[in-house]
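This report is meant for someone meeting the structure for the first time. Please keep the sequence and the model in view while reading.

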Amino acid sequence: MSRKLGGAVGMLGVLLLSAQAGANEVVMQFRTQEDPASPADPAVCAAAPFEVNVKLGGSVYVPEHNPKDGKVVDGGGRRVGSATACVQVTDSAFPAGQQLNVYMRYNLPEGRFTARGTCTLVSNDVPVAGLVLAGCAMRLVDVPKGFVGGSVSSTSVFNPRKLPGYATGSYYTLYAYRDGHQRDASKVTKAQEAEAAAKARQ
């Protein structure tokens with residue numbers, strides 16, 4: 001998979017809220033991929049409120065999108081953080097419809113976010129038998145200073161059989177609320193100017 005990062009445009013995906021978000025809302029979009037160089041943090045899984053039998057560690061990247069149609073044109077290449085996923089699997093056949101308890105930690109440029117929720121399995125045979133597709137919905141249960149909470153959702157791929165050509169990873173949207181203090185307007189203006197300049201160079 002190509003790992004070229006879209007410069008300033010890519011970083012804006014993690015560091016800044018979307019243009020449609022309110023003053024105290026922050027929207028972050030990023031991709032995680034299982035990475036041996038970024039193992040699961042055992043302390044995170046030890047804090048999960050359920051019995052964990054699958055621990056996954058990964059790196060966090062910023063995807064680059066085509067502004068015309070929203071398609072991901074590059075999954076991102078610069079590592080901007082790490083993630084730990086703690087999962088409770090009750091049926092190793094991964095039947096469609098099964099819900100898995102999950103407890104996640106994301107170490108991002110904005111700080112450390114921890115979420116708890118479930119992943120619902122969508123299929124276990126698309127595009128090949130043994131590859132598991134899922135959708136996850138979680139509540140933020142621990143957030144950096146300056147935030148009060150929010151939610152995280154994902155479209156995820158699990159490759160429990162280690163099928164060649166497929167990676168375990170997710171595309172996430174993290175939606176968080178700040179504690180009410182206004183953001184530094186100068187920083188937002190500079191970021192918007194950087195985004196506009198990056199788009200103009202495309």
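The paragraphs below go from the overall strand arrangement to the residue pairs that link its parts.

This is a predicted model, in which local features need pLDDT of at least 70 and side-chain atom pairs count only at pLDDT 80 or more, while totals for chains, interfaces and linings use all residues. Residues are numbered from 1 along each chain as its sequence is written, and side-chain values use heavy atoms, with hydrogens and water left out.

## The barrel

Eight strands form a closed barrel in the order β1-β2-β5-β6-β7-β8-β9-β10, and their pairing is antiparallel. From one strand to the next, the twist averages 25 degrees, where axes are lines fitted to C-alpha atoms, for helices over the stretch in contact, and angles run from 0 to 180 degrees between N-to-C directions. Helices (H or I, at least four residues) and strands (E, at least two) are DSSP runs, numbered from the N terminus, and two strands pair if DSSP finds at least two bridges between them.

Strand β2, residues 54–61, is joined to strand β5, residues 81–88, by seven bridges, and the two run antiparallel; here Ser 59 has Ser 82 in β5 as its bridge partner. Strands β1 and β10 pair over nine bridges in the antiparallel sense, and β9 and β10, also antiparallel, are joined by ten bridges.

## Aromatic pairs

Five aromatic pairs are found in a search of the whole structure; rings of Phe, Tyr and Trp (its six-membered ring) pair if their centres lie within 6.5 Å, and planes under 30 degrees apart count as stacked, over 60 as edge-to-face and the rest as tilted. The table gives two of the pairs.

| Pair | Centre to centre | Angle between planes | Arrangement |
|---|---|---|---|
| Phe 30 and Tyr 172 | 5.4 Å | 25 degrees | stacked |
| Phe 113 and Phe 147 | 5.3 Å | 70 degrees | edge-to-face |

Because Phe 30 lies in strand β1 and Tyr 172 in strand β10 (residues 169–178), their pair ties together parts that are 142 residues apart in sequence. Phe 30 is buried, with a relative accessible area of 1%, and Tyr 172 counts as buried at 5%; buried means under 20% relative accessible area, exposed over 50% and partly exposed in between (1.4 Å probe, protein chains only). Together with Tyr 106, these two residues, Phe 30 and Tyr 172, form one aromatic cluster.

## Polar residues in the strands

Arg 31 has its place in strand β1, residues 25–34, and is buried, with a relative accessible area of 2%. Its side chain is joined to that of Gln 33 by a polar contact of 2.7 Å; a polar contact is a pair of N or O atoms within 3.5 Å, and within protein one must be able to donate a hydrogen and the other to accept it, with residues adjacent in sequence counting only if both atoms are side-chain atoms.

Ser 170 is placed in strand β10 and counts as buried at 6% relative accessibility. The side chains of Ser 170 and Ser 156 make a polar contact of 2.6 Å, and Ser 170 is also the bridge partner of Ser 156. Leaving aside neighbours within four places in sequence, Ser 170 is in contact with residues including Phe 30, Arg 31 and Ser 156, where contact means heavy atoms within 4.5 Å.

## Disulfides

How many disulfides does the structure hold? There are two, a disulfide being a pair of cysteine sulfur atoms within 2.5 Å. One joins Cys 45 to Cys 86, with 2.2 Å from S to S, and this link is left-handed, with -85 degrees about the S-S bond. Cys 45 lies in helix α2 (residues 42–46) and Cys 86 in strand β5, so the pair ties together parts that are 41 residues apart in sequence. Cys 45 and Cys 86 are both buried.

The sulfur atoms of Cys 119 and Cys 136 are 1.9 Å apart in their disulfide, which is right-handed because the torsion about the S-S bond is about 105 degrees. With Cys 119 in strand β7 and Cys 136 in strand β8 (residues 132–142), this pair ties together parts that are 17 residues apart in sequence. Cys 119 counts as buried at 1% relative accessibility, and Cys 136 is buried with a relative accessible area of 4%.
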